[in-house]
Amino acid sequence: MFSCLHNCVILDLETTGGTPLYDRITEIALIRFEDGIETERWETLVNPGISIPPFISRLTGITNDMVRDAPFFEDIADKLYGYIEGAVLAAHNVRFDHGFLKAEFKRLGAVLRQRVMCTVKLSRTLYPQHRGHGLDAIMHRHGLISRARHRAMGDVELVVAYFELVKRELGEDGVLKAVASLLKGPSLPAGLDAAFLDEIPDGPGVYLFYGENDLPLYIGKSIALRSRVMSHFNSDHASSKDMRIGQQLTRVDWIETAGELGALLLESMLIKERQPIHNRRLRSSRDLFSLSLADGLNQVPLVNIVTGDYIDPALFEYLYGLFRSKKAATEALRRMAIDNRLCPRMIGIESGKGACFAQQLKRCDGVCAGRESPELHYLRLKQALVPYLLKGWPYSGKIGIRELNEDTDRSELHIFENWCHIGTVEDEAELDEILRTRTFDRSFSFDLDIYNLLQRSLNKYSEIISLESHPARRRVKFCELPGLDEQAHLSESS
């Protein structure tokens, strides 16, 4: 069925994990076809040079003992290249396998440029009525059996068997037409020079799509810039937005970062600064709203919706929830009243005097009608607000979160204080400057997107560095900034 490709290699890899930047290949298997006829097959274990995690060993059956005496990738790179040179590389989720191969060749100082075809995409094209297109779903749907699922050659043979079955079910002409369509690759906009594709790096960063002027049409981020940019032009993923962008696109720029956090921060900042017309998420800089609890029982309403200067990270221990509209804040308060049988009149979402309407419907415990003490109602209100309580800044001052890209040796330190992003630096001189000149004040406006990002990130990154300790820390080499010993965990301080 691969006769239209002339030369084709069906390949599968097993690895120590899912990230080419850090993980390594443990097994390679391939079958090469020429004019639709199998000509060669090859498989080998590979010593990854790092330990295989136990859960990976349980999944694949490949253990550290099995790869201890296996060749390293550099030992088999020439032989592997001989098999795939001049051929279309096909794999189930080819981006995964191709990404690992490119990373391994890059470590050897070589650039791998290979035409690829994803058999997952081919399956979706041939069977659009089905949802699952992973190998397990395919096996179950078509009654296929693998002699060694999650081993490289076992999965290669499964892919080959699947498409032989597909050819019998759907006819060779239809299958070959779908293959040919996928091999056309991305259909680039007319105003865009295809030469730029080879220049886009494979690592993390931010990309910017421009039209005829200097205002960006769209800004996005990815941990794999080249693949992400190309995905905008894949016909099987086209959306109305991508079509509009394609009609206007004349230039693509990109900014590399050390890691995913840097890309997220830069994307958020650039979208708010430049307001690209095709970005909706992250653009809004409208006022935020929060709930403030009255200090005592005699204040009505007991809850006020506040905005503006009152939403200050220094006051977070007295505020409950962050909302992008007053309507959303009111709705949260209304739901809280219903779920906890609170008085809507006392908490400020119903006007009037005397017993509230909810009490007549037996949905309020009756503080407004003298049937519940104000003290008990106030206590129940405070308990209902607890899940919304905002977290105060859990550090004594500025912190840095360090990201290091081992492929490029790029290192960045992202500096934060009071939930605000103070800046990102790449060397010791920049760090000294930012610590000397930038003191947190009202000029650093609170950003809900950064707050949410930090909530997710503080327990994810191991190198969280206190920048409020002895000044001598500022003179250490940037690449040797202290790490785990200086980490302060959010959960311990909040």
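What follows is a short chat about a predicted model.

Me: How many aromatic pairs does a search of the whole structure find?
Reply: The search finds 14 aromatic pairs.

Me: Take F316 and F446. Stacked or edge-to-face, and why?
Reply: Edge-to-face, because the ring planes of F316 and F446 stand at 85°, and over 60 degrees counts as edge-to-face. The ring centres are 5.2 Å apart.

Me: Where do those two sit in the chain?
Reply: In distant parts, 130 residues apart. F316 is in the loop between β10 (303–307) and β11 (319–323). F446 is in the loop between α15 (428–437) and α16 (448–457).

Me: Are F316 and F446 buried or exposed?
Reply: Both are buried.

Me: Which residues do ring pairs link into a cluster with them?
Reply: W393, Y395, W419 and Y451 join F316 and F446 in that cluster.

Me: Other rings now. What sits over the ring of Y210?
Reply: The charged end of R251, 4.0 Å from the ring centre.

Me: Switching to S268. Where is its place?
Reply: S268 is in helix α11, which covers residues 260–274.

Me: Why does S268 count as buried?
Reply: Because its relative accessible area is 5%, and buried means under 20%.

Me: What does its side chain make a polar contact with?
Reply: With the side chain of K272, at 3.1 Å.

Me: Last one, F33. Which strand?
Reply: Strand β2, residues 25–34. F33 counts as buried too, at 7% relative accessibility.

Me: And how far is F33 from N7 in space?
Reply: 5.8 Å, C-alpha to C-alpha. In sequence, F33 and N7 are 26 residues apart.

Conventions
Residues numbered from 1 in each chain as written. Predicted model: local features only at pLDDT ≥ 70, side-chain atom pairs only at ≥ 80, totals over all residues. Heavy atoms only, no water. Helix = DSSP H or I, 4+ residues; strand = E, 2+ residues; numbered from the N terminus. Buried < 20%, exposed > 50% of the residue type's maximum accessible area, 1.4 Å probe, protein only. Polar contact = N/O pair within 3.5 Å; in protein donor to acceptor, adjacent residues only side chain to side chain. Phe/Tyr/Trp six-rings, centres within 6.5 Å; stacked < 30°, edge-to-face > 60°. Lys NZ or Arg CZ within 6 Å of the ring centre and 35° of its normal.
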